[in-house]
Amino acid sequence: MNCQLPVSFRENSLKSLNDLVLRDAVRKATNLLSAKRSQGLESVPLDQWRERASDIRKQTILHLPEYVDTFSRHATAAGAVVHRAVDKKQAANTIYYILKDRHASQVVKAKSMITEEICLNEVLEDRGIHVVETDLGEFIIQLAGESPSHILGPAIHKTRQQVGKLFADKLGVPFSDKPELLTKTARGKLREKFLCADAGITGTNLAVAETGTVAVFTNEGNARMVTTIPPIHIAVLSVEKIIATLADLGLFASLLPRSATGQPLSSYLSLITGTRKLNETTGARELHIVLLDNGRSEIAAGQYSDILKCIRCSACINVCPVYGTVGGHAYGSPYSGPMGIVLTILLKGMAQ
């Protein structure tokens, strides 16, 4: 899917409606995620947590310029280089020139919706920089030449049989539809990519203003390897992801995974503050943080500012009857489902 194209929901959804395999796969996956979420939230004060999280996020949105300045100052003091990007073109170009100036041609990347928003892979590949997606779902859809269909599970629209055939065709391995073997195959193919990469790129779930820290929540070890093995780490985040303090982060560390998958905690929570220190053996020697606005300051000042409080847990997607019928690609945007389509309209404009 070309992320530069305007949204064509009606045309895309008609195509999805006729794909019975896709509809079955999406329905099963979203039902499972919803059930896990319900179980994970049974024993916690969800309404209380949600209200507190909402207040924290609203504080950032009401004072966005101040929080951006504070985060930038502390991240810089910790050793990072902060780049501010007005729009997605400037963000993608900034990343390209960071890599180009350092002669970086091989890049490993962790799952990131914000890099989908700025069409980063297309920009880099068109200019001769090879990008490898290292999240299992992203690795699958990259091989298939597709974009993510879900914030949490990029390849939930595919069956294991489809993945087995894809691996056989693209990787030259014997066909298998066993998840364990498919995962092992991907792991083997990706390991050499981590070790040879010139740079790693991630998104950021949240960022902490008081310390200049970026926080990455993941359930696979790939993101930790992306951020610690290559000498350069580029973290991309949109400005509304900033919160005030590390104490605030604790709430989201419990709320986000429970709301997304029902887990008490994500398997991996990486807090990255600056570059590798003298007594440390892992971590990037250069940390670049690209702060993207792309219309968010305007949204924050308008009547729909509440959309920026969304923490991208995907719970709304999993209960949406429209998404459950047509899947994520029908939306023609990295942000699908009920919250995603509102954000898409605000970012792209109703004309598209």
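# Reading burial, contacts and aromatic pairs in a predicted chain

Me: What percentage of the residues of the chain count as buried?

Reply: A residue is termed buried under 20% relative accessible area, exposed over 50% and partly exposed in between, with a 1.4 Å probe and protein chains only. By that criterion, 53% of the 352 residues of the chain are buried. The model is predicted, so local features need pLDDT of at least 70 and side-chain atom pairs count only at pLDDT 80 or more, while totals for chains, interfaces and linings use all residues. Residues are numbered from 1 along each chain as its sequence is written, and side-chain values use heavy atoms, with hydrogens and water left out.

Me: What does the radius of gyration say about the chain?

Reply: The radius is taken over C-alpha atoms, and the globule rule is 2.2 Å times the number of residues to the power 0.38. For 352 residues the rule gives a value near 20 Å for a compact globule, and the 19 Å of the chain agrees with this. Along the principal axes, the C-alpha atoms fill a box of roughly 50 × 45 × 45 Å.

Me: How many helices and strands does the chain have?

Reply: Helices (H or I, at least four residues) and strands (E, at least two) are DSSP runs, numbered from the N terminus. The chain has 16 helices and 10 strands.

Me: What percentage of the contacts in the chain between residues at least 6 apart in sequence join residues at least 24 apart?

Reply: Contact means heavy atoms within 4.5 Å. Of the contacts in question, 76% join residues at least 24 apart.

Me: Which residues does Ser72 touch, beyond those up to four places away in sequence?

Reply: Ser72 touches Val82, Arg84 and Leu291 on that basis. Ser72 lies in helix H4, residues 64-77, and is buried at a relative accessible area of 7%.

Me: Where are Ala199 and Leu237 found, and are they buried or exposed?

Reply: Ala199 belongs to strand S4 (residues 199-202) and counts as buried at 0% relative accessibility. Setting aside neighbours within four places in sequence, Ala199 has contacts that include Leu99, Val107 and Ile232. Leu237 is part of strand S7 (residues 232-238) and is likewise buried, at 0%. With residues up to four places away not counted, Leu237 touches several residues, among them Thr204, Val214, Ile289 and Leu291.

Me: How many aromatic pairs does a search of the whole structure find?

Reply: Rings of Phe, Tyr and Trp (its six-membered ring) pair if their centres lie within 6.5 Å; planes under 30 degrees apart count as stacked, over 60 as edge-to-face and the rest as tilted. The search finds four aromatic pairs. In one of them, the ring centres of Phe139 and Phe167 are 6.0 Å apart and the planes stand at 70°, so the pair is edge-to-face. Because Phe139 lies in helix H8 (residues 136-144) and Phe167 in helix H9 (residues 160-171), the pair ties together parts 28 residues apart in sequence. Tyr323 and Tyr331 have ring centres 6.3 Å apart and planes at 25°, so this pair is stacked. Both tyrosines, Tyr323 and Tyr331, are buried, and Phe9 forms one aromatic cluster with Tyr323 and Tyr331.
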